[in-house]
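Visitor: I am new to this structure and would like to go through it step by step. Please show it first.

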Amino acid sequence: MSRSIKPLNLTNDEKVTIEALIRSPQSTQGQVTRLKIVNFSHQGLAQTEIARTLGIGLSAVGKWRARFVSKGLLGLRDLPRSGKPPRYDPKSFRLKVLAAIESKPPVGQATWDGPSLARKLEASPHAVWRVLRKEGVCLSRQRSWCVSTDPDFAAKAADIVGLYLNPPINALVISVDEKPSIQALSRATGFVQTSSGKIVQGLKSTYKRNGTLNLFAALEVAKGAVIGKTTETKKRADFLSFLDSVLAELPSDKEVHVILDNLSTHKRNEDWLAKYQGRVIFHFTPTSASWLNLVEVWFGLLTRKALRGASFPSKTDLRNAIEAFIQATNNHPRPFVWRKREVKGAQLRNTIVNLCY
């Protein structure tokens with residue numbers, strides 16, 4: 001028969017903290033076991049029952065229960081152990097590593113790596129990597145960003161997002177752009193089995209170039225339908241001819257708002273606009289902010305689903321593939337929902353303020 005022990009009385013804060021630590025993925029198995037001992041003791045379980053439930057010795061239950069009674073949650077930590085003294089002071093070595101990666105890399109290297117940092121600090125590469133892992137620093141991973149320097153960014157962005165979220169009454173909003181120089185590449189493709197047993201898509205490393213095509217596309221924002229046209233060139237005449245064909249397919253009694261980027265062929269088209277007597281209105285994205293143009297999302301789908309990994313023996317095959325994807329889009333059109341998260345000024349500053357070289 002187990003000896004009766006008075007249950008632990010946890011405060012609400014202690015109970016919430018213990019339950020959160022038990023669920024935390026950062027907690028080790030040993031820490032979770034100690035926390036569960038305290039939690040079960042709070043629930044009134046006997047020590048023998050706790051030991052049987054957790055699969056540990058009775059003495060361990062008594063030890064950690066007593067440590068908690070004496071020192072609270074701090075008592076559940078491991079006591080300092082004797083052993084070889086550390087070679088590097090944790091605090092100062094951490095600061096040295098973080099300061100080193102902010103400096104210029106050695107001559108002959110564009111970026112730092114573990115061995116070069118170790119040589120600079122005259123330390124073990126393993127010690128350097130321990131610090132980098134703990135700080136979440138990835139030396140080989142890269143991210144790019146594009147910050148618009150347009151002085152009228154806010155006004156232009158608000159104008160375009162307003163067209164997405166609250167379009168004018170009795171008007172159409174279309175997002176227009178071109179995808180230039182799409183290559184018709186032909187090469188052997190298929191599924192292959194790797195040495196690990198995985199089945200992956202295989203592409204022969206050598207290929208043949210069979211020419212390029214330019215694609216103009218207009219996305220009707222409200223419906224998600226796309227009007228597209230492939231051309232051999234991407235001159236102003238091609239762009240205006242494409243817009244003529246788009247307007248021919250749209251109702252003539254509706255005002256048309258066209259969202260464009262700042263490509264030179266999109267500008268200085270006043271004579272063409274005058275031909276439509278105010279029916280067509282151009283809206284330009286801020287400089288270096290092509291992500292505001294929704295047709296870019298559709299271009300991404302086209303690339304992933306119809307172009308990447310495909311083989312096109314001729315430009316005709318490439319044109320047919322593009323037209324087939326446009327038809328598939330229009331068979332079941334779905335409008336894109338504008339969900340770009342709000343970006344605060346501090347987030348932009350934190351993104352670029354760390355650049356040192």
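Visitor: Leaving aside neighbours within four places in sequence, which residues is Phe325 in contact with?
Guide: This is a predicted model. Phe325 is found in helix α12. Once its neighbours within four places in sequence are set aside, the residues in contact with Phe325 are Trp298, Leu301, Leu302, Lys305 and Ala306.

Visitor: Is Phe325 buried or exposed?
Guide: A residue counts as buried under 20% relative accessible area. Phe325 has a relative accessible area of 13%, so Phe325 is buried.

Visitor: How far apart in space are Phe325 and Ala158?
Guide: In sequence, Phe325 and Ala158 are 167 residues apart. In space, taken from C-alpha to C-alpha, the distance between Phe325 and Ala158 is 31 Å.

Visitor: Which residues have the most contacts inside the largest nonpolar core?
Guide: The largest nonpolar core has 30 residues. Those with the most contacts inside this core are Leu215, Trp298, Leu302 and Leu318.

Visitor: Which element gives the largest share of this core?
Guide: Two or more residues each come from α8 (153–165), β1 (171–186), β4 (208–220), α11 (295–307) and α12 (315–331). The largest share is six residues, and it comes from α11.

Visitor: Which residues does Leu318 touch, not counting residues up to four places away in sequence?
Guide: Leu318 is one of the residues with the most contacts inside the largest nonpolar core. Beyond residues up to four places away in sequence, Leu318 touches Ile182, Gln183, Ala184, Leu213, Leu307 and Phe312.

Visitor: How many residues does the second, separate core have?
Guide: Among the members of this second core are Leu243, Val258, Trp272 and Val280.

Visitor: What is the radius of gyration of the protein chain?
Guide: The C-alpha atoms fill a box of roughly 95 × 55 × 50 Å along the principal axes. A compact globule of 357 residues would have a radius of gyration near 21 Å. For the protein chain the value is 32 Å.

Visitor: What share of the residues of the protein chain count as buried?
Guide: The protein chain has 13 helices and seven strands. Its accessible surface comes to about 23100 Å², with 53% belonging to carbon and sulfur atoms. Of the 357 residues, the share that count as buried is 34%.

Visitor: How far apart do the centres of the positive and negative side chains lie?
Guide: There are 54 positive and 29 negative side chains in the protein chain. The centres of these two sets are separated by 14 Å.

Conventions. Residues numbered from 1 in each chain as written. Predicted model: local features only at pLDDT ≥ 70, side-chain atom pairs only at ≥ 80, totals over all residues. Heavy atoms only, no water. Helix = DSSP H or I, 4+ residues; strand = E, 2+ residues; numbered from the N terminus. Rg over C-alpha atoms; globule rule 2.2 N^0.38 Å. Buried < 20%, exposed > 50% of the residue type's maximum accessible area, 1.4 Å probe, protein only. Areas by Shrake-Rupley, 256 points an atom, 1.4 Å probe, with all protein chains shown as cover. Lys, Arg positive; Asp, Glu negative; His and termini not counted. Charge placed at Lys NZ, Arg CZ, Asp CG, Glu CD. Core = buried A, V, L, I, M, F, W, Y, C linked by side-chain atoms within 4.5 Å. Contact = heavy atoms within 4.5 Å.
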